[in-house]
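Visitor: I would like to learn how to read a structure like this one, feature by feature. Could you take me through it?

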Amino acid sequence: MFNKLKAKLSGFKDKIGSKIDEKAVAIESVEEIVEEIVESDEELESPVSISPSSQEVLEEKPEIPAEETRTDPKEESKTTKKFGFAQKAKALVFEREFILEEDDLEEPLWDLEMALLESDIALSVSEAIVNSVKSQLVGTRRRIGSNTGNIVEDALKNAIYDVMSANVFDLDEYVEKAEKPVHIVFIGINGTGKTTSIAKLSKRFKDQGMSVVVAAGDTFRAGAIDQLAIHADNIGVKIIKHQEQGDPAAVIYDAMQHAKAHNVDVVLSDTAGRMHTNINLMEQLKKVCRVAPPDLIIFVDEAVAGNDAVERAAQFNDAVPISGSILTKTDADSKGGAAISIAYITGKPILFLGMGQGYDDIRKFDPQWFVDQLFGE
Ligand SMILES: Nc1nc2c(ncn2[C@@H]2O[C@H](COP(=O)(O)OP(=O)(O)OP(=O)(O)O)[C@@H](O)[C@H]2O)c(=O)[nH]1
């Protein structure tokens, strides 16, 4: 997953890491070391070992408050047991520090932006990431340990996390608290994985102890109703269906009536795949939303479509405001562009990632997990 993007980010990290090494200068500083709190008399009598972080230790004896010397020995013992004190020493440490100027980063940042664009990350998102990395790295005096790569990695992680975590939304929490039945409509173009995602989420809700009905609102594509019926049968959830070419709004309305009559928790409505440019089908979608108003509209597209998926999400969002997206086929996506861009561009969060064809191959989206994947082994 995302292997090409990982390699590109790693290349940037190495480049800036070498630049930092080039610019870093050694500095000396005195550091106060406070050793562990001494808890008892016995420990007080034994010498306390100090392991300074560098060559020279400037000694400093433990300080005992003057009035303690006047107290009864038993009381003193109690006092030290109760409060203890810290063993202190000062060490002369050698560290390195650096300041990166804008000039130092100009070329690597340009390369980073190109790498992000080649990974199908939308232009405005690439710019946001590059600007964030720049503002984190340029101009501030920073001290470094031995690993310069961590400084760059942290800057990249922060930048990518920020663009991905727009309006994070917890679907499980929403469904748990919402008035039932919760109605979720799935939209998107053909073949991106709407039906499969409905099947995966049906199983997920069922595993959480909820009752689920699926509505076969894709009356347009031959075989779509049967496909959903097979999933429903495999998972053990009820399906509401009409004839092919029937009115999807009527099917979905019936599914909601059934759910209300039988205290069903969640209704997941399939719809026919459509291009956002197909005016008739978009009108049909609006009709579905009028007749059986959804609590949530989830846009489904495939991660492998990259920028196209992001543009489609934005256009669908203009037609019928989406609540969030599911990106499918991330198991086959080496670029990661759609996953990184879609929340930033639509202002609506990614809710789940499809990661395979099995019913359990769905993962609740967590931007931190995603960012960690990009820098993991
Ligand atoms: N590798 C992989 N394949 C997936 C994933 N999600 C769906 N698919 C496959 O993508 C193909 C299309 O999935 P569907 O669920 O039929 O797509 P759809 O959007 O309902 O298609 P239409 O009914 O034509 O609108 C199927 O072969 C799925 O098994 C995924 O996360 N990973």
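Visitor: How do H4 and H5 pack, at what angle and with their axes how far apart?

Guide: Bear in mind that this is a predicted model. The angle between H4 and H5 is about 150 degrees, and their axes lie 9 Å apart. Angles over 145 degrees count as roughly antiparallel, so H4 and H5 are roughly antiparallel to each other. As for handedness, H4 passes H5 in a right-handed crossing.

Visitor: Which residues of H4 and H5 meet?

Guide: From H4 come Leu-105, Leu-109, Leu-112, Glu-113, Leu-116 and Leu-117. Their partners in H5 are Leu-123, Ser-126, Ile-129, Val-130, Val-133, Lys-134 and Leu-137. Sorted by class, this contact of H4 with H5 holds 10 nonpolar, 1 polar and 2 charged residues.

Visitor: What is there to notice about phi in the loop between H4 and helix H5?

Guide: Start with the general idea: most residues other than glycine have a negative phi. Asp-120 sits in the loop between H4 and H5 (123-137), and its phi is positive, about 70 degrees, although Asp-120 is not a glycine.

Visitor: Where is a cis peptide bond found, and what is its omega?

Guide: Again the general idea comes first: most peptide bonds are trans. Here the bond from Lys-180 to Pro-181 is cis, with omega near -5 degrees. Pro-181 belongs to the loop between helix H7 (171-177) and strand S5 (182-187).

Visitor: Back to helix pairs. At what angle do helix H1 and helix H4 cross?

Guide: H1 (residues 3-23) and H4 (residues 102-118) cross at roughly 175 degrees, and their axes come within 10 Å. That angle makes H1 roughly antiparallel to H4. On the H1 side the contact is made by Lys-8, Phe-12, Lys-15, Ile-16, Lys-19 and Lys-23. On the H4 side it is made by Asp-104, Pro-108, Asp-111, Leu-112 and Ala-115. The class count for H1 with H4 is 5 nonpolar, no polar and 6 charged residues. Leu-112 is named in this contact and also in the contact of H4 with H5.

Visitor: And how do H10 and H11 pack, roughly parallel or roughly antiparallel?

Guide: Helix H10 (residues 248-261) and helix H11 (residues 279-291) pack at about 25 degrees, with their axes 9 Å apart. Angles under 35 degrees count as roughly parallel, which makes H10 roughly parallel to H11. H10 passes H11 in a right-handed crossing. Pro-248, Ala-249, Ile-252 and Tyr-253 of H10 make the contact with Gln-284, Lys-287, Val-288 and Val-291 of H11. This contact has 6 nonpolar, 1 polar and 1 charged residues.

Visitor: Now the ligand. How many residues surround the ligand, and which are the closest?

Guide: The shell around the ligand has 21 residues, and the closest are Gly-193, Thr-195, Thr-196, Gly-273 and Gly-354. Helix H8 (residues 194-207) gives the largest share of the shell, 3 residues. By class, the shell divides into 3 nonpolar, 12 polar and 6 charged residues.

Visitor: Which feature does UniProt place at residues 349-362?

Guide: The unreviewed UniProt entry places "domain: SRP54-type proteins GTP-binding" there. Over residues 349-362 the chain is 0% helix and 43% strand, and the end C-alpha atoms are 16 Å apart.

How values were computed:
Residues numbered from 1 in each chain as written. Predicted model: local features only at pLDDT ≥ 70, side-chain atom pairs only at ≥ 80, totals over all residues. UniProt positions renumbered as here; feature names shortened; annotations may be inferred. Helix = DSSP H or I, 4+ residues; strand = E, 2+ residues; numbered from the N terminus. Axes fitted to C-alpha atoms, helices over the stretch in contact; angles between N-to-C directions. Parallel < 35°, antiparallel > 145°, perpendicular 65-115°, else oblique. Left-handed = near helix turned anticlockwise from the far one by under 90°. Contact = placed C-beta atoms within 7 Å. Nonpolar A, V, L, I, M, F, W, Y, C, P; charged D, E, K, R; others polar. Near = placed C-beta within 6 Å.
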